[in-house]
Amino acid sequence: MASALGATWVGKADETPSVKLDRAITFAPSGKVVVSALSALRKGGVVAINAIHLDQMPAFDYDKLLWANGKSAA
């Protein structure tokens, strides 16, 4: 359905898009999926988490993942 509505990429939790994404929507109640979605974004991208209950977020390098140590993540 997402593809039919114009999504650039649709994939599973263990897949990686071939390009950095502007936006991502997660439906799985898994913190690991959220970190994967954050990793797939271009600098300034947005993740929408569509889960009523979410398990724990795994530890991740906040500076590297979100800020790329002050360098452009693109």
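# A guided walk around helix 1

Guide: Let's begin where helix 1 starts: a side-chain oxygen of serine 30 comes to within 3.3 Å of the backbone nitrogen of lysine 32. This is a predicted model, in which local features need pLDDT of at least 70, side-chain atom pairs count only at pLDDT 80 or more, and totals for chains, interfaces and linings use all residues. Residues are numbered from 1 along each chain as its sequence is written, and side-chain values use heavy atoms, leaving out hydrogens and water.

Visitor: What makes the pair of serine 30 and lysine 32 a polar contact?

Guide: A polar contact is a pair of N or O atoms within 3.5 Å; within protein, one must be able to donate a hydrogen and the other to accept it, and residues adjacent in sequence count only if both atoms are side-chain atoms. The serine 30 side chain reaches the lysine 32 backbone nitrogen at 3.3 Å, so the pair falls within the 3.5 Å limit.

Visitor: Where does serine 30 lie, and why is serine 30 called buried?

Guide: Serine 30 sits in the loop between strand 1 and helix 1. Helices (H or I, at least four residues) and strands (E, at least two) are DSSP runs, numbered from the N terminus. As for "buried", that word means under 20% relative accessible area, while exposed is over 50% and partly exposed is in between (1.4 Å probe, protein chains only). Serine 30 has 18%, so it counts as buried.

Visitor: Which residues does serine 30 touch?

Guide: Not counting residues up to four places away in sequence, serine 30 touches Leu54 and Asp55; touching, or contact, means heavy atoms within 4.5 Å.

Visitor: How do you know that glycine 31 is buried, and what does glycine 31 touch?

Guide: Glycine 31, which is in helix 1, has 0% relative accessibility and therefore counts as buried. With residues up to four places away set aside, glycine 31 touches Leu54, Asp55, Gln56, Met57 and Pro58.

Visitor: Which other residues of helix 1 are buried?

Guide: Helix 1 covers residues 31-39, and besides Gly31 its buried residues are Val33, Val34, Val35, Ala37 and Leu38. The buried residues of this helix pack against strand 1 (21-26), strand 2 (41-49) and helix 2 (62-67).

Visitor: Why is glycine 45 called partly exposed?

Guide: Glycine 45 belongs to strand 2. Its relative accessible area is 23%, so it goes into the partly exposed class.

Visitor: What makes threonine 26 and alanine 24 buried?

Guide: Both threonine 26 and alanine 24 are in strand 1. Threonine 26 is at 4% and therefore buried; alanine 24, at 12%, is buried too. Leaving out residues up to four places away, threonine 26 touches Val33, Val34, Ala37, Val47, Ala48, Ile49 and Asn50. Under that rule, alanine 24 touches Ala37, Leu41, Val46, Val47 and Ala48.

Visitor: Which residues make up the largest nonpolar core, and why is it called a core?

Guide: A nonpolar core is a set of buried Ala, Val, Leu, Ile, Met, Phe, Trp, Tyr and Cys residues joined through side-chain atoms within 4.5 Å. Here the eight members are Leu21, Ala24, Val34, Ala37, Leu38, Ala40, Leu41 and Val47. Strand 1, helix 1 and strand 2 each give two or more residues to this core, and helix 1 gives the largest share, three residues.

Visitor: What is the volume of the largest pocket, and what makes it a pocket?

Guide: Its volume is about 920 Å³, where a volume is the space filled by probe spheres set on grid points joined across faces, edges and corners. On a 1 Å grid over the protein atoms alone, a pocket is an open set of points with protein on both sides within 12 Å along at least five of seven lines, unlike a cavity, where a 1.4 Å probe fits but cannot get out; lining residues have an atom within 4 Å of a point. The lining has 31 residues, with Trp9, Leu21, Arg23, Ala24 and Ile25 nearest the centre of the pocket. Strand 1 supplies the largest share, six residues.

Visitor: How many residues of that lining are nonpolar?

Guide: There are 18 nonpolar residues, along with seven polar and six charged. Ala, Val, Leu, Ile, Met, Phe, Trp, Tyr, Cys and Pro count as nonpolar, Asp, Glu, Lys and Arg as charged, and the others, Gly among them, as polar.
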